[in-house]
Amino acid sequence: MSDALRGLPAAPLVARYGELVSLQQAVGYRHVGEVFLQEGRTFRVLDGLFIPGQGRAWRRVDTAVLRRLEHVGQATALAGRLAEINGGDPTALRRILLYQLLGLLREGEARAGDAVALGVDAAEAAALAHAAQRQPAATVQQRAAADGLEDAWLEKRLCLAGRLAGELPPGARQDPGLARRLKEIAAASRTADRETAAAGVHEERGDLTAAAAHYLRALRLVRDQARALHGLVRTHTSADGSVRAEPTPDAVELSWDDDSGATAWRVHRLTGAAETSGAVAEVAGSVAAPRAEDRRAPLGSEVRYAVVPLRDGVPDGPVRVSPALLVAPEVTGLRLSDGRERVAGSWQRPDGAAYVSVRHTGPDGRCVSLPPQEDGFALRGLGPGEHRFRISCHYRAGDRDIASPGIEAARTVHRWPGAVGTFTAAPGAAEGSVRFAWSGAEDAEVRLVAFPGQAPPSGTEMFLPAAPLPPELPWAPAATAPQSPVRTRELLPSHGTVADVTAVAVRGDRALTGPSVRITVPHPVTALRAERTADGHTRVTFDWPADASGVTVVRTQDGQRHEQHVVRSRFLREGLYLPVASSAARLEAGPALPTTTGVVIPPPVASYALPPDIAIAYRVVPGQRRPLRRKPATVEVTLSLPTEEEGLDLPEFVLVARPAPAGAGHRPRDPADGTTVLRLSGTQLRRSGRVLCHIAPDACRPPYTLRGFLLGGRAAAVRLQELSPTTLVMR
């Protein structure tokens with residue numbers, strides 16, 4: 001037992017130990033030995049790795065046991081990795097388990113009970129706890145050095161291995177396996193140093209080929225020896241080939257020609273003094289294709305890339321070296337746009353850039369630096385001509401401000417039309433017209449347009465024809481407005497128009513919107529008519545205008561003006577009756593103007609001339625019956641005429657008789673349908689106002705029916721008061 005406790009492991013010395021620990025932690029195990037607790041409740045580890053067998057016997061853990069554990073419980077991946085390790089070195093599992101157990105015990109009081117709790121058999125628990133007490137607990141840094149040492153050795157990162165060896169806990173060299181590994185690392189490092197020294201001698205003599213061969217042999221021994229890589233960069237010639245390095249916002253993209261027959265490539269980044277003492281970092285350990293990308297290049301630093309060809313994992317042949325490259329990505333998505341006396345720029349700033357600088361060179365050659373920007377800029381008050389800009393990204397490298405070379409772009413500022421100043425509208429001189437007036441935009445064509453939907457704000461810049469400008473208003477021009485210092489235009493909008501009219505200044509393919517004004521033109525009243533009724537009123541009819549809330553009717557008669565407002569519902573339900581005298585009257589009707597913002601253009605007013613009430617009445621008085629004969633019938637014709645209409649021409653009155661053998665059903669239909677028994681001229685009627693006449697007995701043989709008619713050009717303007725047909729039958 002005492003021999004077993006000598007030389008306890010201070011490092012796992014297994015490849016990819018970090019991967020093993022990740023598998024172990026994934027299933028919640030404190031150490032890898034917990035995978036054996038699935039077979040029994042304990043294990044032994046001091047004189048070899050054993051688990052309980054049949055009866056009281058103990059069985060050594062071998063590959064067969066581990067393969068069986070791959071199909072038991074939840075730790076199948078962990079058991080498979082342990083089987084792989086055991087296949088390569090049967091002693092490795094014991095070393096790993098002891099290393100983990102000692103570390104866990106050192107974290108506590110290292111008592112035998114603690115070892116039993118970890119799964120160690122009681123027969124070995126006290127001895128293992130005692131051994132743990134004799135060694136101090138390792139720090140996190142010391143354990144990390146022990147965990148990674150074997151990977152550094154296997155990957156020939158001997159510079160890293162040397163640094164890790166210096167970080168091992170005290171007494172680590174008492175581990176024979178670890179001590180042997182450290183001697184191997186030191187021996188290989190010394191051999192590499194001798195190769196580097198020999199290369200230096202050849203390099204001083206100018207024999208770059210021999211120097212490169214020694215540097216390459218050193219690099220084969222020590223993968224991460226910066227001196228060897230610096231030497232290969234110094235001894236590189238153009239015949240060896242170069243690496244193309246292209247910076248992008250997220251990485252540096254690398255490519256090179258594949259003409260060496262290499263099976264793989266190893267990519268290194270050299271920062272700072274790449275040929276002497278700059279930092280070296282491995283970008284890619286092994287790539288099969290002749291391209292790679294570096295996503296961790298230090299921003300703001302100058303770097304070079306060295307690509308080492310590999311054959312079966314061993315450096316073979318001269319390296320490929322890139323030119324020096326400043327890792328300072330430029331902005332992407334750069335866009336410049338011009339406007340009226342301005343240029344605006346936008347871009348996407350790369351991650352890591354502190355700020356973006358912009359230098360502006362105007363058409364006159366004067367160069368000005370803008371304040372630090374982030375995602376864009378806007379310059380105003382620029383004159384016409386070409387304006388050039390250089391946009392550079394700035395990066396912090398320590399206390400230095402490193403600027404990228406920059407991207408140059410240009411934009412031309414064009415001459416824009418002058419802005420429309422004032423823009424007004426008012427009813428024009430012609431009926432139903434609107435008069436527009438504006439100021440400004442002296443150097444441009446001013447168009448009056450109506451945008452669909454809401455008009456853009458005044459001062460909106462438009463690029464034609466990309467931003468389509470509506471056609472000019474289709475309204476007919478009215479009479480030319482009087483000349484004035486302010487330009488005008490008088491147009492005739494159609495009835496029912498509601499439009500937001502905008503004045504737009506246009507010059508070439510650029511337009512500038514001006515103010516807007518709303519124009520409202522209501523529909524007019526149409527088909528206005530009036531007809532007198534018997535009760536001293538007149539019935540007014542018209543076609544109601546669309547969208548009108550009301551109509552105002554004005555009656556002018558005998559020098560007096562009367563106004564009446566009518567709402568649509570009452571007009572349709574009751575009609576419109578106005579009191580009138582017998583004299584002539586004039587009726588006018590128009591829609592009630594809406595209360596709205598902007599300008600309302602009144603539509604034409606509908607009018608109707610109501611003639612005076614001139615009436616002619618007649619009455620027939622049958623003659624008295626006498627023996628053997630009858631007295632002739634008497635006709636009384638009366639004229640009703642307003643005083644102011646006494647000089648008016650009057651129609652002729654005729655009385656027509658038609659024989660009526662069947663009674664009163666055969667009235668004369670027109671003046672020619674019978675015999676004229678009485679004719680009075682308009683002059684006769686106007687002179688006396690009332691005329692009495694007799695119907696000659698022989699004018700028409702009774703029985704007959706009488707009927708009066710008015711003849712002449714004014715007959716339609718005079719009302720004939722008809723009598724009941726029964727009173728007009730003469731027997």
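The largest pocket holds about 580 Å³ of space. A pocket here is an open set of points on a 1 Å grid over the protein atoms alone, where a 1.4 Å probe fits, with protein on both sides within 12 Å along at least five of seven lines. Lining residues have an atom within 4 Å of a point. Points are joined across faces, edges and corners, and the volume is the space filled by probe spheres set on them. This is a predicted model, where local features need pLDDT of at least 70, side-chain atom pairs count only at pLDDT 80 or more, and totals for chains, interfaces and linings use all residues. Residues are numbered from 1 along each chain as its sequence is written, and side-chain values use heavy atoms, with hydrogens and water left out.

So who sits around that pocket? It has 31 lining residues, and the closest to its centre are Asp-89, Thr-91, Ala-92, Leu-93 and Arg-95. By class, the lining has 14 nonpolar, 6 polar and 11 charged residues. Helices α1 (2-5), α4 (76-88), α5 (92-107), α8 (140-154) and α10 (176-205) each supply at least two lining residues, and α5 gives the most, with 5. Helices (H or I, at least four residues) and strands (E, at least two) are DSSP runs numbered from the N terminus.Next, the packing. The largest nonpolar core has 77 residues, and Val-35 and Leu-178 have the most contacts inside it. Helix α5 gives the most to this core, with 9 residues. A second, separate core of 29 residues includes Leu-680, Cys-700, Ala-715 and Met-730. A nonpolar core is a set of buried Ala, Val, Leu, Ile, Met, Phe, Trp, Tyr and Cys residues joined through side-chain atoms within 4.5 Å. Buried means under 20% relative accessible area, exposed over 50%, and partly exposed in between (1.4 Å probe, protein chains only).

Leaving out residues up to four places away in sequence, Leu-178 touches Ala-10, Ala-11, Leu-13, Arg-95, Leu-149, Leu-168 and Ala-172. Contact means heavy atoms within 4.5 Å. Leu-182 lies in helix α10 and is buried, with a relative accessible area of 7%. Beyond its neighbours within four places in sequence, Leu-182 is in contact with Leu-149, Ala-165, Leu-168 and Arg-173. Its C-alpha is 9.2 Å from that of Trp-153, 29 residues apart in sequence.

Over in α12 (residues 226-234), Ala-228, Leu-229, His-230, Gly-231, Leu-232 and Val-233 are buried. Their cover includes α11 (208-221) plus strands β5 (264-271), β6 (279-287), β8 (302-311) and β10 (320-321).

Most residues other than glycine have a negative phi, and most peptide bonds are trans. The exceptions picked out here are in the table.

| Feature | Backbone angle | Loop |
|---|---|---|
| Leu-464 and Pro-465, cis peptide bond | omega about 0 degrees | Pro-465 between β23 (461-463) and β24 (476-477) |
| Pro-702 and Pro-703, cis peptide bond | omega about -10 degrees | Pro-703 between β42 (690-694) and β43 (704-711) |
| Lys-156, positive phi | phi about 60 degrees | between α8 and α9 (158-166) |

Ser-404 sits in the loop between β18 (400-403) and β19 (407-413), and it is buried, with a relative accessible area of 5%. Setting aside neighbours within four places in sequence, Ser-404 is in contact with Ala-328, Pro-329, Glu-330, Ser-392 and Cys-393.

Glu-588 is in strand β33 (residues 585-591) and counts as partly exposed, at 31% relative accessibility. Its C-alpha atom is separated by 5.7 Å from that of Val-553, 35 residues apart along the chain. With neighbours within four places in sequence left aside, Glu-588 is in contact with Leu-528, Thr-552, Val-553, Val-554, Val-605, Ala-606 and Ser-607.

Notes. Nonpolar A, V, L, I, M, F, W, Y, C, P; charged D, E, K, R; others polar.
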